[in-house]
Amino acid sequence: MALLHICSTTTTSIVVLLASFFLILRATPTPEGSDVDYLEFPLNLEYLEAEFFLFGSLGHGLDVVAPGLAHGGHPPIGARLAKLGFLVKDIILQFGLQEIGHLRAIKSRVRGFPRPLLNLSSAAFGQVMNSAFGRPLHPPFDPYANEINYLLASYVIPYIGLTGYVGANPELQHATSKKLVAGLLGVEAGQDAVIRTLLYERRRQIVHPYGVSVAEFTDRISILRNRLGKAGLKDEGLVVPISEGSDDKVSGNILSADKDSLSYSRTPAEILRILYGGGDEHVPGGFYPKGADGHIARSYLNH
């Protein structure tokens with residue numbers, strides 16, 4: 001009987017230990033590949049923004065300012081110094097330096113990848129504008145030619161990253177990952193707000209020689225991004241119908257947001273459809289002639 005009692009007690013103890021072990025496993029966060037993937041993916045946009053803003057304000061990019069962050073990646077195609085006034089040049093330089101911080105912050109958390117091949121040429125931005133208007137612009141749109149063109153080209157970029165960070169946040173498992181993305185999102189949103197404000201101030205200005213207002217340019221770009229993203233309304237220009245403005249009361253649209261003034265979100269697939277310029281996350285092009293990098297982007301290229 002004593003032996004049976006010992007066996008029973010031992011069995012009970014083992015069952016309790018095993019149950020406790022599985023409860024601990026369930027309660028303890030485990031490394032999730034998705035966190036790494038979602039933190040790694042934005043490097044594609046951070047590289048793009050860093051190079052565009054640094055070249056636009058300084059005439060050179062990461063290879064001069066922070067060469068270690070490029071990790072030997074291809075130099076960008078066609079990026080160059082833009083003709084900017086003192087204030088906008090100062091702002092754009094600050095944006096470029098902020099993007100260096102973003103690259104450094106992300107790479108302190110994940111291994112990342114070298115800078116992908118980026119096409120920042122006038123032709124690449126010109127194609128975006130041609131697609132936005134549904135016809136070739138004459139002369140071809142040149143983002144580096146003057147300040148208003150550069151601001152319109154800048155309108156194309158940070159907002160995409162902003163919506164990507166909003167979309168990534170609920171997919172993350174760990175508090176440290178969420179904290180990093182929240183910090184990145186805050187600055188990306190700030191950049192987008194500054195760009196939109198500078199353009200909103202000029203919203204009635206006619207963009208020479210196209211005979212089209214700044215407001216219409218932003219509206220066309222936003223419509224294009226919605227069309228390429230293939231996920232409904234997630235993008236709005238600087239002026240909207242009052243029924244679509246903040247609380248249905250104004251047509252001014254200084255920030256793009258939904259009916260409750262919450263930021264829109266995008267998935268990596270939606271972002272790639274826009275950045276590649278063809279509405280297909282499987283077909284590289286646009287700003288990424290050889291495709292974006294990282295596990296998520298490569299998984300679409302391999303299909």
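User: What percentage of the 303 residues in the protein is buried?

Analyst: This is a predicted model, and a residue counts as buried when its relative accessible area is under 20%. Of the 303 residues in the protein, the buried ones make up 49%.

User: Is Asn149 buried or exposed?

Analyst: Asn149 sits in helix 8, which covers residues 147–156. Apart from neighbours within four places in sequence, Asn149 touches Phe141, Asp142, Pro143 and Val207. The cut-off for buried is under 20% relative accessible area. Asn149 has 3% relative accessibility, so Asn149 is buried.

User: Which leucines is Phe287 in contact with, leaving aside its neighbours within four places in sequence?

Analyst: Phe287 is among the residues with the most contacts inside the largest nonpolar core. Its partners beyond four places in sequence include Asn119, Ala124, Phe125, Val128 and Val156.

User: How far does helix 10 reach from its first C-alpha to its last?

Analyst: Helix 10 runs through residues 175–201, a stretch of 27 residues. At 1.5 Å a residue, the expected span is 39 Å. The reach in the model is close to that, at 39 Å.

Note on methods. Residues are numbered from 1 along each chain as its sequence is written. This is a predicted model: local features need pLDDT of at least 70, side-chain atom pairs count only at pLDDT 80 or more; totals for chains, interfaces and linings use all residues. Side-chain values use heavy atoms; hydrogens and water are left out. Helices (H or I, at least four residues) and strands (E, at least two) are DSSP runs, numbered from the N terminus. The expected span of a helix is 1.5 Å times one less than its number of residues. A nonpolar core is a set of buried Ala, Val, Leu, Ile, Met, Phe, Trp, Tyr and Cys residues joined through side-chain atoms within 4.5 Å. Buried means under 20% relative accessible area, exposed over 50%, partly exposed in between (1.4 Å probe, protein chains only). Contact means heavy atoms within 4.5 Å.
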